Amino acid sequence: MPPPDMSLTEQVAIITGGGGGIGRAIALAFASVGADIVIADIVPERCEETAARVRALGRRALSAPTDVADTDKIRATVERAAKEFGRLDILVNNAGGTNQRPFLDQSEKSWRKLIDLNLVSMFAATHAAVPEIIKGKRGGAIINVASIEGSRAAPGYAAYAACKAGMLNFTRTMALELAEHRIRVNAIAPDYTITPGTRGNIGGPVDESKWFKPNAAQDDATARRIPAGRAGIDSECGDAAVFLASNMSAYVNGATLPVDGGTWASSGWVRNQTGKWVLVEETLKA
Ligand SMILES: NC(=O)c1ccc[n+]([C@@H]2O[C@H](COP(=O)([O-])OP(=O)(O)OC[C@H]3O[C@@H](n4cnc5c(N)ncnc54)[C@H](O)[C@@H]3O)[C@@H](O)[C@H]2O)c1
(Lines give C-alpha, C1' and ligand atoms only; values in the text may rest on other atoms or scores of the structure.)
Protein backbone atom coordinates (compact mmCIF):
# COMPACT_ATOMS: atom_id res chain seq x y z
CA MET A 1 0.00 0.00 0.00
CA PRO A 2 1.45 3.44 -0.89
CA PRO A 3 2.04 5.83 2.02
CA PRO A 4 -0.58 8.57 2.61
CA ASP A 5 -0.16 11.35 0.03
CA MET A 6 -0.61 14.90 1.27
CA SER A 7 1.31 16.53 -1.57
CA LEU A 8 -0.20 19.29 -3.71
CA THR A 9 2.77 19.42 -6.08
CA GLU A 10 2.30 21.81 -9.03
CA GLN A 11 -1.30 22.53 -8.04
CA VAL A 12 -2.51 26.13 -8.00
CA ALA A 13 -4.68 27.41 -5.17
CA ILE A 14 -6.56 30.69 -4.78
CA ILE A 15 -7.01 31.69 -1.16
CA THR A 16 -9.30 34.58 -0.36
CA GLY A 17 -8.21 36.53 2.68
CA GLY A 18 -4.84 34.79 2.32
CA GLY A 19 -2.92 37.77 3.67
CA GLY A 20 -3.49 37.09 7.35
CA GLY A 21 -4.79 34.70 9.97
CA ILE A 22 -6.35 31.40 8.91
CA GLY A 23 -6.04 32.25 5.18
CA ARG A 24 -2.33 32.93 5.47
CA ALA A 25 -1.81 29.76 7.46
CA ILE A 26 -3.58 27.78 4.73
CA ALA A 27 -1.47 29.49 2.05
CA LEU A 28 1.76 28.57 3.82
CA ALA A 29 0.62 25.02 4.57
CA PHE A 30 -0.31 24.48 0.90
CA ALA A 31 2.99 25.97 -0.30
CA SER A 32 4.92 23.70 2.07
CA VAL A 33 3.40 20.66 0.33
CA GLY A 34 4.11 21.95 -3.18
CA ALA A 35 1.28 24.27 -4.27
CA ASP A 36 1.57 27.64 -5.99
CA ILE A 37 -0.59 30.27 -4.34
CA VAL A 38 -2.78 33.18 -5.39
CA ILE A 39 -3.35 35.50 -2.45
CA ALA A 40 -6.62 37.39 -2.83
CA ASP A 41 -6.68 39.70 0.18
CA ILE A 42 -8.12 43.20 0.45
CA VAL A 43 -4.92 44.59 2.04
CA PRO A 44 -2.13 44.86 -0.57
CA GLU A 45 0.70 44.75 2.01
CA ARG A 46 -0.72 41.52 3.39
CA CYS A 47 -0.85 39.98 -0.09
CA GLU A 48 2.80 40.92 -0.63
CA GLU A 49 3.88 39.60 2.74
CA THR A 50 2.24 36.19 2.28
CA ALA A 51 3.56 36.05 -1.30
CA ALA A 52 7.10 36.60 -0.01
CA ARG A 53 6.67 33.80 2.52
CA VAL A 54 5.31 31.44 -0.14
CA ARG A 55 8.30 32.22 -2.37
CA ALA A 56 10.63 31.59 0.57
CA LEU A 57 9.13 28.08 0.66
CA GLY A 58 10.18 27.62 -2.97
CA ARG A 59 6.78 28.03 -4.59
CA ARG A 60 5.34 30.63 -6.95
CA ALA A 61 2.98 33.26 -5.58
CA LEU A 62 0.68 35.83 -7.11
CA SER A 63 -0.17 38.82 -4.97
CA ALA A 64 -3.67 39.75 -6.12
CA PRO A 65 -5.28 42.44 -3.96
CA THR A 66 -9.02 41.77 -4.10
CA ASP A 67 -12.09 42.94 -2.22
CA VAL A 68 -14.20 39.77 -2.19
CA ALA A 69 -17.31 41.82 -1.47
CA ASP A 70 -16.99 43.08 -5.05
CA THR A 71 -17.92 40.21 -7.38
CA ASP A 72 -16.30 41.89 -10.44
CA LYS A 73 -13.00 41.99 -8.57
CA ILE A 74 -13.26 38.29 -7.70
CA ARG A 75 -13.88 37.37 -11.33
CA ALA A 76 -10.91 39.51 -12.41
CA THR A 77 -8.66 37.80 -9.87
CA VAL A 78 -9.66 34.31 -11.00
CA GLU A 79 -8.99 35.34 -14.62
CA ARG A 80 -5.62 36.80 -13.66
CA ALA A 81 -4.68 33.65 -11.73
CA ALA A 82 -5.59 31.35 -14.62
CA LYS A 83 -3.61 33.51 -17.04
CA GLU A 84 -0.57 33.72 -14.77
CA PHE A 85 -0.35 30.02 -13.87
CA GLY A 86 -2.24 28.36 -16.72
CA ARG A 87 -4.21 26.14 -14.37
CA LEU A 88 -6.34 26.21 -11.26
CA ASP A 89 -6.92 23.31 -8.88
CA ILE A 90 -8.04 24.59 -5.49
CA LEU A 91 -10.23 27.41 -4.20
CA VAL A 92 -10.32 28.34 -0.53
CA ASN A 93 -13.21 30.62 0.39
CA ASN A 94 -11.76 32.04 3.57
CA ALA A 95 -12.21 35.85 3.66
CA GLY A 96 -14.96 36.81 6.06
CA GLY A 97 -15.70 38.53 9.29
CA THR A 98 -18.31 40.26 11.39
CA ASN A 99 -19.13 42.91 13.93
CA GLN A 100 -20.89 42.11 17.20
CA ARG A 101 -24.30 43.76 17.47
CA PRO A 102 -27.84 42.55 18.24
CA PHE A 103 -29.70 42.01 15.00
CA LEU A 104 -32.29 44.73 15.69
CA ASP A 105 -29.50 47.29 16.11
CA GLN A 106 -27.97 46.28 12.79
CA SER A 107 -28.88 48.52 9.84
CA GLU A 108 -29.92 46.97 6.55
CA LYS A 109 -26.77 48.45 5.02
CA SER A 110 -24.69 46.69 7.66
CA TRP A 111 -26.28 43.25 7.34
CA ARG A 112 -26.22 43.41 3.55
CA LYS A 113 -22.51 44.16 3.80
CA LEU A 114 -22.01 41.10 5.98
CA ILE A 115 -23.88 38.94 3.48
CA ASP A 116 -21.71 40.26 0.62
CA LEU A 117 -18.53 39.55 2.55
CA ASN A 118 -19.41 36.17 4.02
CA LEU A 119 -21.79 34.55 1.53
CA VAL A 120 -22.02 36.28 -1.86
CA SER A 121 -18.21 36.28 -2.07
CA MET A 122 -18.24 32.47 -1.87
CA PHE A 123 -20.90 32.20 -4.57
CA ALA A 124 -18.97 34.52 -6.88
CA ALA A 125 -15.58 32.90 -6.31
CA THR A 126 -17.00 29.41 -6.79
CA HIS A 127 -18.90 30.49 -9.92
CA ALA A 128 -15.77 32.03 -11.41
CA ALA A 129 -13.19 29.44 -10.32
CA VAL A 130 -14.96 26.14 -11.00
CA PRO A 131 -15.00 26.46 -14.84
CA GLU A 132 -11.22 27.03 -14.69
CA ILE A 133 -10.75 23.96 -12.48
CA ILE A 134 -12.95 21.86 -14.80
CA LYS A 135 -10.84 22.91 -17.81
CA GLY A 136 -7.84 21.11 -16.31
CA LYS A 137 -9.72 17.77 -16.23
CA ARG A 138 -7.70 16.79 -13.15
CA GLY A 139 -10.43 17.26 -10.57
CA GLY A 140 -9.88 19.67 -7.72
CA ALA A 141 -10.93 20.84 -4.29
CA ILE A 142 -12.92 23.66 -2.77
CA ILE A 143 -12.58 24.39 0.91
CA ASN A 144 -14.99 26.75 2.61
CA VAL A 145 -13.86 28.28 5.87
CA ALA A 146 -17.09 28.41 7.84
CA SER A 147 -17.34 28.60 11.63
CA ILE A 148 -18.79 26.78 14.59
CA GLU A 149 -21.31 29.68 14.52
CA GLY A 150 -22.75 28.16 11.34
CA SER A 151 -24.17 25.29 13.39
CA ARG A 152 -25.34 26.95 16.59
CA ALA A 153 -27.17 30.10 17.67
CA ALA A 154 -24.90 33.14 17.84
CA PRO A 155 -26.46 36.11 19.66
CA GLY A 156 -24.88 39.34 18.41
CA TYR A 157 -23.72 37.63 15.23
CA ALA A 158 -27.03 36.73 13.55
CA ALA A 159 -26.21 37.70 9.97
CA TYR A 160 -22.69 36.27 10.13
CA ALA A 161 -23.92 32.97 11.60
CA ALA A 162 -26.70 32.72 9.00
CA CYS A 163 -24.08 33.21 6.26
CA LYS A 164 -21.87 30.52 7.76
CA ALA A 165 -24.86 28.16 7.97
CA GLY A 166 -25.52 28.95 4.31
CA MET A 167 -21.90 28.20 3.56
CA LEU A 168 -22.22 24.74 5.13
CA ASN A 169 -25.26 23.86 3.06
CA PHE A 170 -23.74 25.30 -0.12
CA THR A 171 -20.77 23.02 0.59
CA ARG A 172 -23.02 19.96 0.57
CA THR A 173 -24.93 20.98 -2.57
CA MET A 174 -21.75 21.82 -4.49
CA ALA A 175 -20.25 18.49 -3.44
CA LEU A 176 -23.06 16.82 -5.37
CA GLU A 177 -23.18 19.20 -8.34
CA LEU A 178 -19.42 19.04 -8.90
CA ALA A 179 -18.83 15.36 -8.12
CA GLU A 180 -18.92 14.43 -11.81
CA HIS A 181 -15.92 16.72 -12.35
CA ARG A 182 -14.05 15.12 -9.41
CA ILE A 183 -14.09 18.42 -7.59
CA ARG A 184 -14.58 17.75 -3.89
CA VAL A 185 -16.17 20.45 -1.75
CA ASN A 186 -15.69 20.46 2.01
CA ALA A 187 -15.74 22.96 4.86
CA ILE A 188 -13.82 23.56 8.04
CA ALA A 189 -15.57 25.03 11.06
CA PRO A 190 -13.14 26.69 13.44
CA ASP A 191 -13.93 27.97 16.91
CA TYR A 192 -11.96 30.78 18.53
CA THR A 193 -8.59 30.93 16.79
CA ILE A 194 -5.78 33.40 17.39
CA THR A 195 -5.57 35.60 14.29
CA PRO A 196 -5.14 39.30 13.48
CA GLY A 197 -8.94 39.54 13.38
CA THR A 198 -9.49 38.15 16.87
CA ARG A 199 -6.56 40.22 18.17
CA GLY A 200 -7.88 43.58 16.87
CA ASN A 201 -5.41 43.91 13.96
CA ILE A 202 -7.95 44.75 11.24
CA GLY A 203 -6.52 46.44 8.14
CA GLY A 204 -2.91 47.42 7.48
CA PRO A 205 -0.05 44.95 7.69
CA VAL A 206 -0.22 42.02 10.09
CA ASP A 207 1.61 43.33 13.16
CA GLU A 208 1.66 41.04 16.18
CA SER A 209 3.21 43.78 18.33
CA LYS A 210 -0.14 45.60 18.17
CA TRP A 211 -2.29 42.59 19.06
CA PHE A 212 -4.71 42.75 21.94
CA LYS A 213 -3.51 40.45 24.77
CA PRO A 214 -6.25 38.64 26.71
CA ASN A 215 -6.01 38.97 30.49
CA ALA A 216 -5.73 35.99 32.84
CA ALA A 217 -9.50 35.83 33.43
CA GLN A 218 -10.16 35.72 29.68
CA ASP A 219 -7.54 33.03 29.14
CA ASP A 220 -9.06 31.03 31.99
CA ALA A 221 -12.57 31.34 30.49
CA THR A 222 -11.25 30.18 27.09
CA ALA A 223 -9.46 27.23 28.68
CA ARG A 224 -12.60 26.12 30.52
CA ARG A 225 -14.94 26.57 27.55
CA ILE A 226 -12.87 24.82 24.87
CA PRO A 227 -12.19 21.12 25.59
CA ALA A 228 -8.64 21.43 24.22
CA GLY A 229 -8.04 23.95 27.02
CA ARG A 230 -6.84 26.77 24.75
CA ALA A 231 -7.66 28.88 21.72
CA GLY A 232 -6.92 27.48 18.28
CA ILE A 233 -3.75 28.24 16.33
CA ASP A 234 -4.09 29.29 12.69
CA SER A 235 -1.75 26.53 11.45
CA GLU A 236 -4.20 23.94 12.81
CA CYS A 237 -6.68 25.16 10.19
CA GLY A 238 -3.82 25.01 7.66
CA ASP A 239 -3.23 21.35 8.50
CA ALA A 240 -6.95 20.52 8.18
CA ALA A 241 -7.09 22.33 4.83
CA VAL A 242 -4.12 20.33 3.50
CA PHE A 243 -5.99 17.16 4.45
CA LEU A 244 -9.13 18.33 2.64
CA ALA A 245 -7.25 19.54 -0.46
CA SER A 246 -5.02 16.48 -0.88
CA ASN A 247 -5.47 12.80 -1.68
CA MET A 248 -5.49 12.17 2.04
CA SER A 249 -9.23 12.95 1.84
CA ALA A 250 -9.93 11.48 -1.61
CA TYR A 251 -13.20 9.92 -0.37
CA VAL A 252 -14.32 12.86 1.81
CA ASN A 253 -16.90 15.08 0.13
CA GLY A 254 -19.60 17.48 1.34
CA ALA A 255 -18.25 17.25 4.88
CA THR A 256 -17.74 19.83 7.58
CA LEU A 257 -14.64 19.28 9.68
CA PRO A 258 -14.76 21.05 13.05
CA VAL A 259 -11.35 22.54 13.87
CA ASP A 260 -12.50 23.68 17.27
CA GLY A 261 -10.63 21.78 19.98
CA GLY A 262 -13.84 19.87 20.71
CA THR A 263 -16.24 22.79 21.27
CA TRP A 264 -18.92 21.49 18.92
CA ALA A 265 -18.94 18.16 20.72
CA SER A 266 -19.12 19.90 24.11
CA SER A 267 -22.47 21.52 23.27
CA GLY A 268 -22.96 23.46 26.52
CA TRP A 269 -20.57 21.53 28.78
CA VAL A 270 -17.77 23.63 30.27
CA ARG A 271 -15.18 23.09 32.98
CA ASN A 272 -15.87 24.80 36.31
CA GLN A 273 -13.13 26.41 38.41
CA THR A 274 -12.16 23.02 39.83
CA GLY A 275 -11.82 21.54 36.34
CA LYS A 276 -14.96 19.40 36.59
CA TRP A 277 -17.17 19.19 33.49
CA VAL A 278 -20.55 20.81 34.22
CA LEU A 279 -23.49 22.16 32.28
CA VAL A 280 -23.46 25.95 32.14
CA GLU A 281 -26.09 26.60 34.81
CA GLU A 282 -24.21 24.35 37.24
CA THR A 283 -21.09 26.48 36.96
CA LEU A 284 -22.92 29.03 39.11
CA LYS A 285 -23.04 26.51 41.98
CA ALA A 286 -19.38 25.52 41.69
N1 LIG B 1 -10.41 33.44 14.03
C2 LIG B 1 -11.49 32.84 14.49
O3 LIG B 1 -11.69 32.71 15.72
C4 LIG B 1 -12.50 32.27 13.53
C5 LIG B 1 -13.45 31.38 14.04
C6 LIG B 1 -14.39 30.83 13.17
C7 LIG B 1 -14.37 31.17 11.83
N8 LIG B 1 -13.43 32.05 11.37
C9 LIG B 1 -13.49 32.37 9.94
O10 LIG B 1 -12.22 32.18 9.37
C11 LIG B 1 -12.01 33.10 8.31
C12 LIG B 1 -10.70 33.84 8.54
O13 LIG B 1 -10.78 34.45 9.82
P14 LIG B 1 -9.49 35.10 10.52
O15 LIG B 1 -9.76 35.12 11.97
O16 LIG B 1 -8.27 34.49 9.99
O17 LIG B 1 -9.66 36.60 9.99
P18 LIG B 1 -8.61 37.79 9.99
O19 LIG B 1 -9.41 39.03 10.10
O20 LIG B 1 -7.53 37.55 10.97
O21 LIG B 1 -8.00 37.67 8.53
C22 LIG B 1 -8.86 37.78 7.44
C23 LIG B 1 -8.10 38.19 6.22
O24 LIG B 1 -9.06 38.47 5.22
C25 LIG B 1 -8.81 39.74 4.67
N26 LIG B 1 -10.07 40.36 4.26
C27 LIG B 1 -10.98 40.99 5.04
N28 LIG B 1 -11.97 41.46 4.28
C29 LIG B 1 -11.69 41.11 3.01
C30 LIG B 1 -12.33 41.33 1.77
N31 LIG B 1 -13.47 42.04 1.68
N32 LIG B 1 -11.75 40.83 0.65
C33 LIG B 1 -10.58 40.14 0.72
N34 LIG B 1 -9.93 39.93 1.85
C35 LIG B 1 -10.47 40.40 2.99
C36 LIG B 1 -8.11 40.53 5.77
O37 LIG B 1 -7.31 41.57 5.25
C38 LIG B 1 -7.30 39.45 6.48
O39 LIG B 1 -5.99 39.35 5.95
C40 LIG B 1 -13.24 34.01 8.29
O41 LIG B 1 -14.13 33.58 7.32
C42 LIG B 1 -13.83 33.82 9.67
O43 LIG B 1 -15.21 34.03 9.69
C44 LIG B 1 -12.49 32.60 12.19
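## Sheet

An open sheet is built from seven strands with parallel pairing, in the order β3-β2-β1-β4-β5-β6-β9; strands pair if DSSP finds at least two bridges between them. Strands (E, at least two residues) and helices (H or I, at least four) are DSSP runs, numbered from the N terminus. At the edges are β3 (61-63) and β9 (256-259), each pairing on one side only. From one strand to the next, the twist averages 15°.

This is a predicted model: local features need pLDDT of at least 70, side-chain atom pairs count only at pLDDT 80 or more, and totals for chains, interfaces and linings use all residues. Residues are numbered from 1 along each chain as its sequence is written.

Six bridges join β5 (residues 140-145) and β6 (residues 183-190) in the parallel sense. Asn144 has Ala187 of β6 as its bridge partner.

## Helix pair

Helices α1 (residues 21-32) and α7 (residues 234-245) pack at about 50°, their axes 8 Å apart. Axes are lines fitted to C-alpha atoms, for helices over the stretch in contact, and angles run from 0 to 180 degrees between N-to-C directions. Therefore α1 is oblique to α7 (under 35 degrees is roughly parallel, over 145 roughly antiparallel, 65 to 115 roughly perpendicular, the rest oblique).

## Ligand shell

Around the ligand are 29 residues, of which Gly17, Gly20, Gly21, Gly96 and Gly197 come nearest (near: C-beta atom, placed from the backbone, within 6 Å). Helix α1 gives the largest share of this shell, three residues.
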